[in-house]
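Try each task on your own before reading its solution.

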Amino acid sequence: MRLFQDIKGEGWQLEINTTVIKRVKTLLDINLLSLADDNFALLDRLSTDLVLLVDVLYVACRDQANERNITDEEFGRRMAGDQIITARDVLIEELVDFFPDARRRAMMKTVTQKARELTEAILSKGELAIAEVEKLDTQAVANSLMASFGNLPESSESTPAH
């Protein structure tokens, strides 16, 4: 069992077991046991379709939500930003640990870890790009562009024909 928090700081316990897997299958028509099938298509969907991810999390935590009188819509409003990423990681870790075959678990842990490393590498490149953009002297760039406009040849319409 792992924990994640919503944006209000309220903690949610996530435990993947056969009851949760069956409930997600019944209510969302998502087979969580197919996480590694079709080149990890479900893992990709859970990482990119945040609405689906929050629906899966809500269904997995439905008993706690009912105890707290929190609807699926309220749960969705509580999931944003870093909390979604943390909850996604918790869900994937729980799913991987659920599988009874140690070899399959090890393979899935390796794949999910490499996916995280790849994402981090891509994001760090984005951070470098942002740092370079932040260094720009926008006034100097604007002055340079304006000066280059003054050096443009006149349009062919205003140039007399020979």
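**Exercise 1. Find the turn residue with a positive phi in the hairpin of β1 and β2.**

Step 1: β1 and β2 make a hairpin, with five residues between the two strands. Strands are DSSP runs of E with at least two residues, helices are runs of H or I with at least four, and both are numbered from the N terminus.

Step 2: In the turn, G9 has a positive phi of about 85°.

Step 3: β1 (residues 2-5) and β2 (residues 11-14) run antiparallel and are joined by four bridges. Two strands count as paired if DSSP finds at least two bridges between them. Opposite L3 stands Q13 in β2.

A note on the model: it is predicted, so local features need pLDDT of at least 70 and side-chain atom pairs count only at pLDDT 80 or more, while totals for chains, interfaces and linings use all residues. Residues are numbered from 1 along each chain as its sequence is written, and side-chain values use heavy atoms, with hydrogens and water left out.

**Exercise 2. Describe how α2 and α3 pack.**

Step 1: Two packed helices are described by the angle and the distance between their axes.

Step 2: Helix α2 (residues 37-48) and helix α3 (residues 50-60) pack at about 100°, with axes 5 Å apart. Axes are lines fitted to C-alpha atoms, for helices over the stretch in contact, and angles run from 0 to 180 degrees between N-to-C directions.

Step 3: Therefore α2 is roughly perpendicular to α3 (the word covers angles of 65 to 115 degrees).

Step 4: R45, L46, S47 and T48 of α2 make the contact with L50, L52, L53 and V56 of α3 (contact means heavy atoms within 4.5 Å).

Step 5: Sorted by class, the contact residues are five nonpolar, two polar and one charged. Ala, Val, Leu, Ile, Met, Phe, Trp, Tyr, Cys and Pro count as nonpolar, Asp, Glu, Lys and Arg as charged, and the others, Gly among them, as polar.

**Exercise 3. Which helix supplies the largest share of the lining of the largest pocket?**

Step 1: A pocket is an open set of points on a 1 Å grid over the protein atoms alone, where a 1.4 Å probe fits, with protein on both sides within 12 Å along at least five of seven lines; lining residues have an atom within 4 Å of a point.

Step 2: The largest pocket has 17 lining residues, and S47, R88, A115, R116 and T119 lie nearest its centre.

Step 3: The largest share, nine residues, comes from α7.

Conventions:
Parallel < 35°, antiparallel > 145°, perpendicular 65-115°, else oblique.
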